[in-house]
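Here are my comments on the model, as numbered points. Please read them with the structure open.

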Amino acid sequence: MSNVRRKHRETAPYPDWLDDILDCIRADKSVRKDFVHGSRLHIDRPLPFLCVHISKGRENLAARDVSAAHASYLIVDDIDEALPIINAVGKVLRERFGVFMLLDIDELEHDTLITADAPYLPPFEIRLLSTDDAAAEQAATALAEGADIEQVKFRTPYVKSFELAADPQAMALAQGTGFPLVAVRFAPIYRQPESGHIYPDLRERLVANIFDAGLKAFSAFVGATQTLKLTTHRALGRKAFVDAVSRADRSIDEVASTFDFLLAVTPINADAAWQEFKANKFKRAPQFLYRPLSVQVEAEKRKLFSVAFDRFEDPVLYHLYREKQQELDLQLSLISARETGRFVEFSRALYGPVEPSLHRIALDILLKTEKFVHGDEGGDDEAGIAGCFEVETAARDMIEQYRQQYTGFTAEIELRDDLPSGLLVSGERLLISRHTRMDRSRIHALLSHEIGVHLLTYFNGSAQGLRLFRSGLAGYEGMQEGLAVFSEYMAGGMTVGRLRLIAARVVACAAMLNGKPFPETYGMLVHEHGFAPSVAFNLSLRLYRGGGLAKDAIYLRGLLELLDHLKAGGALDPFWMGKISAAHFKVMLELSLRGLLKAPAIRPAFLTHPQAQARLDKARAGLNPLDLITS
């Protein structure tokens, strides 16, 4: 220990452990100090505020979870334990920022039914107070307004101000520290009055909403004092995740890695099934054969639901992992129901039905492009057809170009005999069927789809530090396929035939979900919409595999979502950070602003196409799918 540090220690009024904490704060280091009785001081990074919860021997309170969700919090058992820590930490942070504020969070003893004779569930009480300085008053106002938001279902917040003298705990904190203070007390509406049992969903919503209102209070405080410049109150959230998140992330990924969903439901005898279908004069559905399942579904479900999320201390990440847990559960249920009547219903639950509006758009595309059909759509013009080896060579070239820009782009290519004609991405692998035959002019666009979107977001997601962003947030596939189809347009390779195929998938998917058998759907594609027999068969195979897979409707649905997003002025960059859905766009922005996510390690090469900016500008001005051909 240096002489200066020894002298400082000898004269400092704090114990060594507190002095170490203050040194960390001065050095911009994070702090996580556990005390007895479950108490803890956590400081993600130096900020001009501290969230405080005095537990007083109570356990499992939502107020504790609200406090622990913040980037800077103190949870202690009694106020005498809290005051020395708050004063020491607050003094150092006030020296740094010029101001410092406390947010005292607690629950009311009971849920008072304000209007017991109301025909609907009555509002619940939230009490607020603040010290009399202007910045604290603005923070309290922001918290009151932030608490009155729609996500708290069932009960409406009733916000009531009260005097400092009416709350001994708030009074003791204010007088014992001298810092500006806002105190919030909310009714425990998540707890059943008679039994004390918990309403879990209501508790989650309450924690998330009071937490968000607290961020708005802090944002108002730093705005009033001109301490920090913020683009959003969410930027005051955590910039690092706790170890519990990393552990859960690994556990969830281990379950997801035990099975390959698409390979599990993709037939291995596509060519033989086509010959069988032809031999039966297209009247009887072919028999599809599948790989043996290598996953023990029940065992993986037990592992899946043994993963604990209760120590995340971050409502946003908590909900992301809960959603993923539920999606994996549904995927496991689906593959276990392969070749049974339950498969199609699990499929409908996973991917949704075909909405009437989506069906109308798909039919409109097929109708308006009929003039381009000559009865042999998808037929082979041998001079312009590429086989699997030519596609493989082009894929290796594109992967190498990405690898030169980012060494972490370590994609692998496999030629497979057990896949229908085409390409498939599985994790970090690009799988190419040896039966692949495709228009040579479409190779670059298709590789932009598979490599420039699916593989790129996998490796960008891998670089984020959490495996969830590479395996995909729940529901990511729709936007992922929308981006991939859009990439074909950006690369200059969107053709009439390709758009018709994407539209036909929707129409055929609706037929499958409505109970039409395989031969009828195949006949509709050939006789009503002019598709070549081999194309119609492969399309029908994709839909009826496993017992009825509704996935193919998401391509057009995702494309429409993306076009709406761009027309509304939305950016593309968050979508390159990992595999996310349209619903997660704001979440990705928030996590990025908080510093939990990195900028994409690499961006799609098709964005550098000579006409890419012009095409993107047209999309921002407003395009429908048919414009992707004519633009």
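1. Contact range. In this predicted model, take the contacts between residues at least 6 apart in sequence: 73% of them join residues at least 24 apart.

2. Overall make-up. The protein has 631 residues, of which 55% count as buried. Its secondary structure comprises 26 helices and 13 strands. Along the principal axes, the C-alpha atoms fill a box of roughly 90 × 65 × 50 Å.

3. Helix pair α14 and α19. Helix α14 spans residues 356-368, and helix α19 spans residues 496-513. Their axes lie 8 Å apart, at an angle of about 135°. The crossing of α14 past α19 is left-handed.

4. Residues at that contact. Helix α14 contributes L358, H359, A362, L363, I365 and L366. From α19 come L499, R500, A503, A504, V506, V507 and A510. By class, the contact holds eleven nonpolar residues, one polar and one charged.

5. Cysteines. How many disulfides does a search of the whole structure find? The count is zero.

Note on methods:
Residues numbered from 1 in each chain as written. Predicted model: local features only at pLDDT ≥ 70, side-chain atom pairs only at ≥ 80, totals over all residues. Heavy atoms only, no water. Disulfide = S-S within 2.5 Å. Axes fitted to C-alpha atoms, helices over the stretch in contact; angles between N-to-C directions. Helix = DSSP H or I, 4+ residues; strand = E, 2+ residues; numbered from the N terminus. Left-handed = near helix turned anticlockwise from the far one by under 90°. Contact = heavy atoms within 4.5 Å. Nonpolar A, V, L, I, M, F, W, Y, C, P; charged D, E, K, R; others polar. Buried < 20%, exposed > 50% of the residue type's maximum accessible area, 1.4 Å probe, protein only.
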